[in-house]
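The stops below go from a pocket to a strand pair and then to the cores.

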Amino acid sequence: MCQECYSEDPRITPLLKPLECLKNHTQYICGTCGRCICIEKEPKRGLQRWNFPFKSLDIAKLYLRTADYTMKTNCGIYEIENDKGRKSYKIFVNNEDLYIYLQKNNQKKCVLMQPIYQKSQYLEFPHTQVRKLTAVEVDTYIAKRN
């Protein structure tokens with residue numbers, strides 16, 4: 001597993017519409033393995049991909065580094081369950097942010113009330129880049145995915 005971006009596959013992301021994402025969105029470029037992770041802020045609310053729920057813990061882990069980097073702390077992944085028993089995984093900066101979310105979404109709960117996954121500490125890495133890729137970089141990245 002990459003110590004910087006927490007992934008075993010350096011080309012697994014972006015998951016959804018990878019070509020469109022790589023061409024049009026700002027990427028967190030792992031300085032260790034080169035994996036690109038979307039870190040683009042949504043223009044209306046300023047939200048990033050890591051702010052939204054994920055279908056699985058494994059998918060949430062792929063975006064955890066962008067949360068850690070953005071917030072400059074070791075964020076956690078929490079298992080959230082809705083009133084119908086459907087589980088999702090959401091990244092929060094801390095337990096306080098989880099409590100605020102649960103107060104606003106009373107049909108959801110977090111049984112453990114603590115992260116199910118979290119790195120022990122936040123670390124900076126010297127070769128990290130956050131920027132849009134060039135067309136050549138996009139082509140190279142996509143070619144290495146296949």
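Start with the largest pocket, whose volume is about 640 Å³; the model is a predicted one. Select Leu16, Arg49, Phe52, Pro53 and Phe54, which are the closest to the pocket centre among the 29 residues that line it. Colouring the lining by residue class gives 14 nonpolar, four polar and 11 charged residues. Helix H1 (18-24), H2, S3 and S4 each contribute at least two residues to this lining. The largest share, three residues, is from S3.

Next, select strand S3 (residues 76-82) together with S4: the two pair in the antiparallel sense over six bridges. Pick Glu81 and find its bridge partner in S4, Lys87. Four residues lie between the strands of this hairpin, and Gly85 there has a positive phi near 90°. Is S4 mostly covered or uncovered? Five of the six residues of S4 are buried, leaving the strand mostly covered.

Now move to the largest nonpolar core, a set of 20 residues. Select Trp50, Tyr63, Leu64, Cys75, Ile77 and Ile91, the residues that touch the most other members. Helix H2 (57-71) and strand S4 (87-92) each supply at least two residues of this core, and the largest share, five residues, comes from H2.

Centre on Cys75. Leaving aside residues up to four places away in sequence, Cys75 touches Leu64, Ala67, Asp68, Ile91, Phe92, Val93, Tyr117 and Gln118.

For the last stop, select Tyr78, Phe92, Leu98 and Leu102, which are among the seven residues of a second, separate core.

Notes:
Residues are numbered from 1 along each chain as its sequence is written. This is a predicted model: local features need pLDDT of at least 70, side-chain atom pairs count only at pLDDT 80 or more; totals for chains, interfaces and linings use all residues. Side-chain values use heavy atoms; hydrogens and water are left out. A nonpolar core is a set of buried Ala, Val, Leu, Ile, Met, Phe, Trp, Tyr and Cys residues joined through side-chain atoms within 4.5 Å. Buried means under 20% relative accessible area, exposed over 50%, partly exposed in between (1.4 Å probe, protein chains only). Contact means heavy atoms within 4.5 Å. Two strands pair if DSSP finds at least two bridges between them. On a 1 Å grid over the protein atoms alone, a cavity is a set of points where a 1.4 Å probe fits but cannot get out, and a pocket is an open set with protein on both sides within 12 Å along at least five of seven lines; lining residues have an atom within 4 Å of a point. Grid points are joined across faces, edges and corners, and a volume is the space filled by probe spheres set on the points. Ala, Val, Leu, Ile, Met, Phe, Trp, Tyr, Cys and Pro count as nonpolar, Asp, Glu, Lys and Arg as charged, and the others, Gly among them, as polar.
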